[in-house]
Amino acid sequence: MKKLILIDDHKMLRKGISFYITENSDWTIFAEAESLDEIQAIIKSIDNAAEDKIIAVVDIQIKGNPEYSYNGFEAVKLLAAAGVPSVIFSSHDSGGFIERAMSAEIGAKGFVSKLSDEKMLLDAINTVAAGKTFVQPDLVSSLMEMNSLFSVLTKREVQVVKLIQDGLTNEEIAQKLQIKLTTLENYISVIYDKIGCRDRNSLLEKLT
């Protein structure tokens, strides 16, 4: 069977997606969740021996860690570890969010804007189910622009930028990367110069 997991903290939106998908395809709704805490229970209920095709549709901004706005990324990582590919369906559809979602670290296989329609989402689900990746066509240019922006950065600088995107403080980033705070500040200064930013806020504006 072809089964979907819907992860979004807006019940009415889940209901709308569920109705459209079940009326217009042979996909069934396997589970729904509105918070990161519910993901593990869903994963445990998956029978890995079954020959079901399971895809998750995940919003970036769901309930979870109150200090982190984008708990959907964590949901995608948990699902990927369990062998379940995800399609991001979100209103956060700028190049920075798409790049982050589709990165190897997060591992989403598809991305569709909530400003699009259910047919586009269904196309993404079917494409991902076939083992391919899908980015909504009119969002591809913004993803390419973001990839071009990141191309001027070193691997370590990209790590720093992504942790800034995640909302971590300089102290938290330095601790996570196991480097001195002064070393981190040097990295950030170089990043600002390369991307043409004056501070953290202007950097985030370019990424979102």
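This is a predicted model: local features need pLDDT of at least 70, side-chain atom pairs count only at pLDDT 80 or more; totals for chains, interfaces and linings use all residues.
Residues are numbered from 1 along each chain as its sequence is written, and side-chain values use heavy atoms, with hydrogens and water left out.

Helix α9 covers residues 181–195. Helices (H or I, at least four residues) and strands (E, at least two) are DSSP runs, numbered from the N terminus. The 15 residues of α9 span 21 Å from the first C-alpha to the last. That is close to the 21 Å expected at 1.5 Å a residue, where the expected span is 1.5 Å times one less than the number of residues. Leu184, Ile188, Ile191, Tyr192 and Ile195 of α9 are buried. Seen down the helix axis, the buried residues of α9 fall within an arc of 100°, so they line one face. The arc is that of the directions from the helix axis to the C-beta atoms. An α-helix has 3.6 residues a turn, so residues three or four places apart point the same way. Cover for the buried residues of α9 includes α6 (140–150), α7 (155–165), α8 (170–177) and α10 (200–207). Just after α9, glycine 196 adopts a positive phi of about 85°.

Strands β1 (residues 2–7) and β2 (residues 27–33) run parallel and are joined by 6 bridges. Two strands pair if DSSP finds at least two bridges between them. Leucine 4 has isoleucine 29 in β2 as its bridge partner. From β1 the chain crosses through helix α1 (residues 11–24) to β2, in a right-handed β-α-β crossover. Right-handed means that, with the strands pointing away from the viewer, the path from the first strand over the helix to the second runs clockwise.

Serine 86 lies in strand β4 (residues 86–90). At 1% relative accessibility, serine 86 counts as buried. Leaving aside neighbours within four places in sequence, serine 86 is in contact (heavy atoms within 4.5 Å) with residues including Ala56, Val76 and Lys109.

Ring pairs link Tyr70, Phe73 and Phe97 into a cluster. Rings of Phe, Tyr and Trp (its six-membered ring) pair if their centres lie within 6.5 Å; planes under 30 degrees apart count as stacked, over 60 as edge-to-face and the rest as tilted. Tyrosine 70 and phenylalanine 97 are both buried.

How values were computed. Buried means under 20% relative accessible area, exposed over 50%, partly exposed in between (1.4 Å probe, protein chains only).
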